[in-house]
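Subject: The two-chain model, with notes

Dear colleague,

I am passing on the structure that I promised, and I would be glad if you could read the notes below with it open beside you.

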Amino acid sequence: MTHKAKPSRTLTTEELARVEGEGAMRVEIHEGTVGRVELNIYEPPRFFEGFLRGRRYSEPPDITARICGICPVAYQMSACRAIEDALGLEVNGQLRELRRLLYCAEWIESHILHIHFLHLPDFFGLDSAIDLAGINRPAVERALALKKIGNELLELIGGRAIHPINVQVGGFYKVPTRRELLAFRPKLEHARDMAAEVVELVGGLDFPELEVDHEMVALRHPTEYAILDGRIISDGGLDITDQEYPEHFVEEHVEHSTALHSRIRARGTYLVGPLARFRLNFDRLTTVAADAAGAVGLTADCSNPFRSIVVRAVETLDVIEVGLAIVDAYDEPDRPYLEATIGGGTGHGATEAPRGLLYHRYKLSDDGVITDAVITPPTSQNQAAIEDDLTRYVQANIGLDDEELRKGAEVTIRNHDPCISCATHFLDLTVVRT
Amino acid sequence: MIDVVIIGIGNTYRGDDGVGHAAAEALMTMVPDADVLLLDGEPTRLVDAWAGRRLAIVLDAVRGGDPPGTVHRIQVGVDPIPATFAHLSSHRAGLESAVALGRALDRNPGVLVVYGIEPADLSDGHGLSRAVELALPGLIHQVAEEVRAVCA
């Protein structure tokens with residue numbers, strides 16, 4: 001659908017549906033060329049950073065879990081790792097495995113939600129998963145079943161599914177028995193079969209053409225497809241520890257947004273999330289997941305953000321396979337947590353939230369009180385990259401009418417599953433053509 | 001499965017948006033015949049929570065233009081949902097989507113009742129406003145009575 005573009009126009013979306021939370025977007029087009037593109041999101045993490053000062057070192061896992069209903073575990077894990085770094089505590093062995101398993105549960109839930117309820121309707125020209133149920137009810141039923149298994153696993157380890165309460169600095173309050181985990185195995189096996197079907201479903205979609213060249217940043221672990229820990233690396237040569245994050249990444253205030261824009265110092269925009277992880281850690285996928293990716297033609301060099309839906313499906317299959325291995329090898333630890341020795345210091349922790357790298361930093365006084373907190377969520381790190389994708393998308397499709405362009409722009413944003421409730425609430429989209 | 005569920009939705013770090021959770025927590029000990037859940041309003045979780053139930057009661061902060069502390073009771077499918085309710089709070093849309101999703105998959109409860117409480121303040125921070133605090137006992141009593149009438 002092409003027609004001669006008016007010399008100048010503004011696109012506005014009063015409300016961008018199917019992203020988590022609220023925000024606004026404005027695209028200006030002047031004489032057929034895309035000018036300013038602004039994604040404007042509010043940022044509760046900034047409020048939480050202030051709110052955490054004066055609190056005890058033990059409180060951030062529970063408090064920061066409240067930042068997001070979709071990825072509370074990510075906030076808990078980055079918070080724990082940062083505080084443990086400050087206290088010189090290292091959580092290993094089965095406690096670390098349980099954390100990975102808890103995180104796997106969150107990835108299942110979050111990815112399945114995004115794939116089916118937020119993103120998939122776009123590929124069928126539908127407005128919602130409710131409409132999707134009208135044309136492919138089994139796919140929606142399967143999504144609910146998968147999500148429920150993720151939910152139940154979260155409950156089993158985290159104590160409850162929304163804002164888990166069983167996580168603490170040093171480990172857990174209570175650990176599951178081997179029998180409890182083994183009893184869950186059949187559900188995970190069922191989930192694995194369903195996830196393989198999801199890869200087939202989304203692998204066969206038609207994807208709009210869009211190639212991006214952002215620097216890709218993700219964690220990298222010696223043996224695992226990194227989620228819980230690892231070095232922070234990029235395809236631009238970055239290879240650093242969590243502690244070095246502030247030296248390499250800067251957050252800048254931009255006028256149009258209450259969120260800060262992150263940049264790699266002296267280089268600029270970068271991307272975190274599924275595409276980055278997949279590119280940098282393809283060789284760490286389980287065989288089952290790598291084979292499933294291969295079967296639908298997804299390769300490590302994929303740089304089309306619209307295909308991130310396929311990466312999420314492959315990652316879902318991968319974490320289920322990883323979860324099964326953790327369950328099989330589980331041996332109930334002697335203690336549910338390691339005792340911390342309270343002391344002052346600064347700690348850093350980065351983990352892979354479903355949407356990408358999530359970095360926390362805490363400064364503790366000698367008596368274990370937080371004097372400074374920094375939380376950098378994936379969505380604010382991706383903000384500049386999303387704006388860049390929008391510029392490319394709108395420029396490449398400038399002949400479309402405003403309505404078509406607005407729809408395409410929304411999908412371009414949704415590719416990155418912006419967790420705007422981490423970063424905000426509803427999104428308004430404005431396109432100005434002059 | 002217990003066939004009555006009470007679901008408090010909201011965010012306890014957004015002032016009066018925590019009213020749904022506060023009311024649901026108070027009801028936990030008062031109505032042992034019902035499951036009480038605290039959710040964030042995400043549609044698929046709502047559908048999972050109420051699927052197969054005889055009665056589901058959802059408690060949420062809702063802006064309908066009335067004074068803070070006003071309690072609205074709406075039976076979904078029977079009472080019209082006032083247009084002013086829509087999209088004023090980020091999880092209102094979640095509730096509407098959940099009802100539509102439940103309908104599409106035949107997973108809505110026999111009776112679905114929404115209690116909406118008018119908030120005074122939804123800004124960042126802990127704690128309820130005085131107006132909402134004052135409305136809580138009446139709301140809790142009304143919900144408990146409704147559940148007892150069904151379970152009796």
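Predicted model: local features only at pLDDT ≥ 70, side-chain atom pairs only at ≥ 80, totals over all residues.

In which helix of chain A is A:A191 found? The residue A:A191 sits in helix α7, which covers residues 178-203 of chain A, where helices (H or I, at least four residues) and strands (E, at least two) are DSSP runs numbered from the N terminus. Residues are numbered from 1 along each chain as its sequence is written, chains are lettered from A and ligands numbered from 1 in the order in which they are written, and side-chain values use heavy atoms, with hydrogens and water left out.

Confidence

The predictor gives the complex an ipTM of 0.84 and a pTM of 0.90. For chain A the mean pLDDT (the predictor's confidence in each residue, from 0 to 100) is 89, and 88% of its residues reach 70 or more. Please be careful with residues 1-6 of chain A, where pLDDT stays under 50 and the model has ten contacts beyond four places in sequence, a contact meaning heavy atoms within 4.5 Å. Residues 421-427 of chain A also have a pLDDT below 50, and this stretch has 53 contacts in the model beyond near neighbours in sequence. In chain B the mean pLDDT is 87, and 91% of the residues reach 70 or more.

Chain A

The secondary structure of chain A comes to 14 helices and 15 strands. Of its 434 residues, 63% are buried, and here buried means under 20% relative accessible area, exposed over 50%, and partly exposed in between (1.4 Å probe, protein chains only). Contacts between residues 24 or more positions apart account for 75% of those in chain A with a separation of 6 or more.

To return to A:A191, this residue is buried, because its relative accessible area is 0%. Leaving out residues up to four places away in sequence, A:A191 touches A:L146, A:I149 and A:I320.

A second residue worth a look is A:I227, which lies in the loop between β6 (215-220) and β7 (231-234) of chain A. With a relative accessible area of 10%, A:I227 is buried, and its contacts, leaving aside neighbours within four places in sequence, include A:Y103, A:W107 and A:V319. From C-alpha to C-alpha, A:I227 and A:G356 are 9.4 Å apart in space and 129 residues apart in sequence.

Chain B

Chain B has four helices and five strands, and from the N terminus on its elements run β-α-β-α-β-β-α-β-α. Its radius of gyration (taken over C-alpha atoms, with a globule rule of 2.2 Å times the number of residues to the power 0.38) is 14 Å, which agrees with a compact globule, because one with 152 residues would have a value near 15 Å. The C-alpha trace of chain B spans about 35 × 30 × 25 Å along its principal axes. Buried residues make up 53% of the 152 residues in chain B, and residues 24 or more positions apart account for 79% of its contacts with a separation of 6 or more.

Two residues with positive phi

Most residues other than glycine have a negative phi. Against that background, A:E31 has a positive phi, near 50°, and is found in the loop between β2 (22-30) and β3 (33-41) of chain A. The residue A:E31 is exposed, with a relative accessible area of 59%. In chain B, the phi of B:D106 is likewise positive, near 55°, and B:D106 is found in the loop between α3 (92-104) and β5 (111-117). The relative accessible area of B:D106 is 62%, so this residue is exposed.
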